Amino acid sequence: MNIKTKLFTGIGSLFLLVVFLSLLSGYYINKLSNDTKNILADNYNSVKYAREMLMLLDAGIQNSSICLEFEKNLKLQQANITETGEKKSTYALLRDYDKLKQNLSDTALYPTLRKDLLTIISLNMEAIQKKSNIADITAYDAILWIVVGSGLCLIIALTLLVFMPKNIVKPISDFTQSIQHIAERNYSERINLKRNDEFKKMAEAFNVMAEKLQEYNNSNLAKVLTEKKRIEALINNIHEPVIGLDEDLKILFMNSEALQISNLKSEEVIGKSAQDIAVKNDLMRTLIQDFFGEKSPSAILKIYADNKESYFQKEIAPMNITHTGETGMHHIGNVIFLKNITSLKELDFAKTNFMATISHELKTPISSIKMSVQLLENIKIGKLNDEQLHLTESIKEDLERLLGIIGELLNITQIETGNIQLSIIPTNPKEILDYAIITTQMQAEQKKVYFSISCPDNIPSILADPEKTAWVLINLITNAIRYSHEGGTVYLTVSTTGNNVLFSVKDSGQGILPEYQERIFDRYFRVPGSNTSGSGLGLAISKEFIEAQGGHITLKSEYGEGSEFIVFLNKSNMN
Ligand code: ADP
């Protein structure tokens with residue numbers, strides 16, 4: 001039976017029973033009312049009239065007014081004859097009264113009249129008794145039928161109360177639970193109902209839907225797994241180490257190259273915390289340093305793998321995605337790429353060696369050319385005419401430039417091979433400055449640039465390599481002269497601050513644009529459009545020399561206003 005029929009039958013029969021009970025109660029109430037009404041009208045009035053007449057009789061019927069009263073009651077009784085035998089008694093009373101009326105003093109008739117009246121009373125009393133019994137029976141029947149009807153109503157209501165929730169609410173809660181499971185992606189959820197109604201049909205439809213969802217999900221899962229495998233194959237085929245980390249630094253993937261150079265196995269690392277792995281693995285420790293705010297000393301890693309030293313450049317790419325329906329980016333981890341730059345490094349070594357050899361080999365012949373030119377100028381050898389003198393001067397200038405460049409190249413090869421030879425000793429900063437001034441004085445004069453020098457006499461000594469520091473100052477002053485306008489001033493100041501002695505070289509030349517200021521100390525970097533010749537190595541060497549001595553060098557420059565380079569070096573403890 002379906003739910004609709006069940007509800008219709010249950011509630012319908014309850015309704016019918018209620019209607020039946022109402023009709024039954026109405027019927028019995030009506031019947032009881034009729035029964036009591038009859039008693040009142042048929043019998044109670046007759047007893048009342050007979051009693052009135054009996055009382056008149058007891059008092060004595062002596063005059064016409066009593067007669068009238070008696071006759072009035074007698075007439076009323078005549079009109080209210082309802083019981084068998086009552087008519088006969090009433091007429092006997094009438095007859096006997098007529099006899100008495102003819103002779104009112106004949107009291108011998110009183111007993112006969114009293115008997116007639118008592119007969120009427122008893123007939124009606126009997127009838128009252130009988131009708132009261134009938135009313136009792138009617139009341140009993142009414143109670144019986146009403147109890148039966150109410151009982152039936154109660155049974156149906158109880159049946160509905162017990163079975164309705166089970167029949168309707170239970171399947172609904174089952175459905176709710178199953179729908180929740182589906183929402184939680186548990187697509188294997190099914191509903192089995194052993195009934196044959198609308199819920200059964202609903203369960204069948206639900207099961208079909210769940211099956212289709214399961215099929216769809218499985219096909220998607222298979223697709224996702226294939227795509228995952230494809231990406232894994234792709235990452236494994238990259239011939240450079242790649243490591244994927246989630247936002248909690250758990251290792252998502254590590255390709256075979258990465259496993260090989262870190263000496264790790266896939267099963268030991270995938271899904272594990274990179275921090276835990278880093279406790280025992282030096283490479284992992286270096287790789288994840290950046291995530292803890294520690295900047296790794298250099299992005300170039302030297303790794304001993306495959307029986308040879310390899311060089312890798314570390315790059316960290318954040319993985320950011322946008323979830324469906326959202327606009328903002330979510331950070332879901334990072335990919336660490338290690339670019340194998342061993343071949344570049346090898347080329348770089350070859351270049352450095354080549355530069356070192358060439359510079360070294362060139363230095364001797366150039367020095368000897370310089371000597372020869374100086375000899376040429378000697379009058380003992382022969383007097384040169386003005387034109388020849390001019391030519392030798394220009395050869396000397398070019399030789400000086402050439403020697404300068406060779407010196408720079410030698411210095412940079414020393415830096416690149418890590419072979420800077422320093423002899424750090426307590427030195428007087430004034431002496432270094434004076435030496436640099438004397439060396440650059442000529443250039444300044446040629447360009448009509450003036451020096452403004454400020455160096456206190458009691459300046460403390462510094463811990464420095466005097467030769468290298470002088471080289472740096474000469475380079476800075478030479479630049480200041482080169483980039484100053486004719487007639488300009490270069491300010492050379494020595495001062496102290498805290499534990500440092502400062503050498504400042506300030507010019508009022510063209511200055512350096514902000515976008516180039518960061519790269520100014522890079523090797524071979526020259527500001528685009530610099531019209532003076534140069535190698536772009538001077539500042540790079542200066543920085544390396546000063547840092548190797550435990551100091552540092554800074555630049556302050558305003559484009560169009562000039563530049564100021566400041567060298568900081570440590571004071572000597574002997575002060
Ligand atoms: P270079 O041999 O080219 O002078 P440096 O390393 O000494 O090499 O300088 C790098 C570049 O920095 C120069 O090419 C020049 O453009 C810029 N530079 C250096 N010093 C100054 C300065 N005082 N004023 C303006 N630009 C400068």
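Ser-273 sits in the loop that joins helix 7 (266-269) to helix 8 (274-280). In this predicted model, Ser-273 has a relative accessible area of 18%, so it counts as buried, the cut-off being under 20%. Leaving aside residues up to four places away in sequence, Ser-273 touches Leu-249 and Lys-250.

Leu-249 is worth a look of its own. This residue belongs to the loop between strand 1 and strand 2, and its relative accessible area of 9% makes it buried too. Most residues other than glycine have a negative phi. Lys-448 also has a positive phi without being a glycine, this time of about 60 degrees. Lys-448 is found in the loop between helix 12 (429-447) and strand 7 (450-454). With a relative accessible area of 48%, Lys-448 is partly exposed.

Strand 1 (242-246) and strand 2 (251-254) turn up again around helix 5, where they are among the elements that cover its buried residues. Helix 1 and helix 4 (110-183) are also part of that cover. The buried residues in question are Phe-199, Ala-203, Phe-206, Asn-207, Ala-210 and Ile-235. Helix 5 itself runs over residues 198-237, 40 residues in all. From its first C-alpha to its last, helix 5 reaches 58 Å, close to the 58 Å expected at 1.5 Å a residue. The N-terminal end of helix 5 is capped by Asp-197, with a side-chain oxygen 3.0 Å from the backbone nitrogen of Phe-199.

Next comes a residue from helix 1, which spans residues 3-59 and holds Met-53. Met-53 is buried because its relative accessibility is 0%. Not counting residues up to four places away in sequence, Met-53 touches Phe-70, Asn-73, Leu-74, Gln-77, Leu-93 and Leu-117. Cys-67, which lies 14 residues from Met-53 in sequence, is 9.9 Å from it in space, C-alpha to C-alpha.

Several polar pairs involve oxygen atoms of the ligand. Arg-526 brings a polar side-chain atom to 2.6 Å from a ligand oxygen. Ser-535 has a backbone N or O atom 3.1 Å from an oxygen atom of the ligand, and for Val-527 a polar backbone atom is 3.4 Å from a ligand oxygen. Taken alone, the ligand would expose 530 Å², and the protein buries 98% of that area.

Note on methods. Residues numbered from 1 in each chain as written. Predicted model: local features only at pLDDT ≥ 70, side-chain atom pairs only at ≥ 80, totals over all residues. Heavy atoms only, no water. Polar contact = N/O pair within 3.5 Å; in protein donor to acceptor, adjacent residues only side chain to side chain. Areas by Shrake-Rupley, 256 points an atom, 1.4 Å probe, with all protein chains shown as cover. Helix = DSSP H or I, 4+ residues; strand = E, 2+ residues; numbered from the N terminus. Buried < 20%, exposed > 50% of the residue type's maximum accessible area, 1.4 Å probe, protein only. Contact = heavy atoms within 4.5 Å. Expected span 1.5 Å × (residues − 1).
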